[in-house]
Amino acid sequence: MVSLVIVSHSKRLAEGVFELASQMSQGKVKMAIAAGIDDPDNPIGTDPIAVMSAIEEVFTPEGVLVLVDMGSAILSTDMALELIDPDMAESVHVCAAPLIEGTMAAAVSAAGGMPMEEVLKETHSAIFAKYETLEQSDALPVSKGSDELTSEVELDSDHTFSWVIENPNGIHARPASAIVSVATKFVSEMWLIKGDKQVSAKSMNNITLLGVKKEDTITCIARGDDASDAIDAFSELAKNHFGDDIDTETNNVAAVEDKKPEASPENDGSIQGIAVSDGISVAPVKFLNSNGLSFPERIFSSEVEELHRLEAALTQADKELTELVAEILKKASDSEADIFRAHQEMLSDPELRDTVQDSIIAKQIIAEQAWAEEIEEMAQAYRMIPDTYLSERANDICDIGRRVLRLMTGQVVSQVVYDKPVIVAATELYPSDTAQFDPEIIKGICLEKGGATSHSAIIARSLGIPAVTGIEDILLRCKDGESITLDGGQGKIWLAEDSR
């Protein structure tokens, strides 16, 4: 496993970074600090001998990554590398990434067993997350972007098409799925460009991660024998708003905006949350645990067996989703069924499959671990999209991830069955959880996390189940089985008197 050395002018700063990185990596990564100098009156500085000692302390054959803050920290590290054994020095890499962000990224990727090349890649990319979250990417001296376009494809060629997005919710899962469906019909390579970012038009997950919002301009480029036909098909899809009914979406957005409540009067005894689905309900509350991503500890078998395990689970997950779409159509509309059709598209994304397969082979790790790591990384990328509607799709990614993990580990589907009407309380719900609810039994939903535009919220509204989210610590503030009152239209709940 790659180890880390933190070099800083300030010992206190280095100790703080060390503490954060240790927590992020759960103590799995060997780390050492070389910070400050032994001078009580002037403790700020760096010492080459201390850097050398730190490198030797944590050295592993997989390599040592040194993160530095500035100026003489770099010079001290260079001197340290001249002092240590040359064979050892060849496995030491000094990274220019920002000290705090870089160390966090390095610790997490190293803890995952990534080789030095991948750890360096993740570490150098760490700063971009902050810029993207704060929507300040234009301030970067060098744009992150994706792979550069080859010189054979020019933006002013005949095989390009640009379009200003009119969809109120931008390019979310459904329109992204429509783009992939069109692109995969052609042998030509196709890309989508937004600003300085470029992704394959045949990867649904990457299209969604572009974070395309209303009034953004995207450009489609095609190259290959049928490039002209591919662009014609894409332009036709764009003019039809990628399969979205934009009038309906506009009304839905307005409805969600109307649900944003004002603060509750101080004397009405309620707890104010976010209105998700209209309706009033009074019933006993039952706690529901939506299991997240977890994988078993087992011994790696062989590349062939691990890859087979992954493929079998993906195939079975697709079958389950086909059955779920059919069930949804019996009690909701085609729009809600599209949520799970989009899940199928995400699962069939060749880039997702290839990345997990490559991880299994390169790291020699079990299929469950490789899958869970990639899903978590993808979910985090969704969470960082500034647009709320798009960032809430992280919940769908986790839902998909959980389904495949369950199939790989042979777990049985957990059915939500109650013998009397209840209000379900949970930290959050996945779309697959909400889809199995029976409105005759599930009289309300109360959540700590999630927004009014999440797919779980959309399904709750389609089923006519009153729902509220944003109720902080609901699982601690009430007792399992006690009666509560829920007003989904106002986003309020009232607890029993003895719980207030």
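These questions and answers concern charged and aromatic side chains in a predicted model.

Reader: How many residues apart are Arg403 and Glu320, which form a salt bridge?

Author: The closest N and O atoms of Arg403 and Glu320 are 2.7 Å apart. Arg403 lies in helix α16 (residues 394-409) and Glu320 in helix α11 (residues 303-331). The pair thus links distant parts of the chain, and the separation is 83 residues.

Reader: Is Arg403 buried or exposed?

Author: Buried means under 20% relative accessible area. The relative accessibility of Arg403 is 11%, so Arg403 counts as buried.

Reader: Which helix holds Arg402, the salt-bridge partner of Asp433?

Author: The side chains of Asp433 and Arg402 meet at 3.2 Å, N to O. Asp433 is in helix α17 (residues 431-435), 31 residues from Arg402. Arg402 itself belongs to helix α16.

Reader: Are the rings of Phe161 and Trp163 stacked or edge-to-face?

Author: Planes under 30 degrees apart count as stacked. The ring centres of Phe161 and Trp163 are 6.1 Å apart and their planes stand at 20 degrees, so this pair is stacked.

Reader: Which residues gather with Glu56 in a patch of negative charge?

Author: Glu56 is found in helix α2 (residues 48-58). Its relative accessibility is 40%, so Glu56 counts as partly exposed. The patch lies on the surface, and the residues gathered there with Glu56 are Asp85, Asp87 and Glu90.

Key. Residues numbered from 1 in each chain as written. Predicted model: local features only at pLDDT ≥ 70, side-chain atom pairs only at ≥ 80, totals over all residues. Heavy atoms only, no water. Patch = residues over 30% accessible without salt bridge, like charges linked within 9 Å, V, L, I, M, F, W, Y side chains within 5 Å. Areas by Shrake-Rupley, 256 points an atom, 1.4 Å probe, with all protein chains shown as cover. Salt bridge = Lys/Arg side-chain N within 4 Å of Asp/Glu carboxyl O. Lys, Arg positive; Asp, Glu negative; His and termini not counted. Charge placed at Lys NZ, Arg CZ, Asp CG, Glu CD. Helix = DSSP H or I, 4+ residues; strand = E, 2+ residues; numbered from the N terminus. Buried < 20%, exposed > 50% of the residue type's maximum accessible area, 1.4 Å probe, protein only. Phe/Tyr/Trp six-rings, centres within 6.5 Å; stacked < 30°, edge-to-face > 60°.
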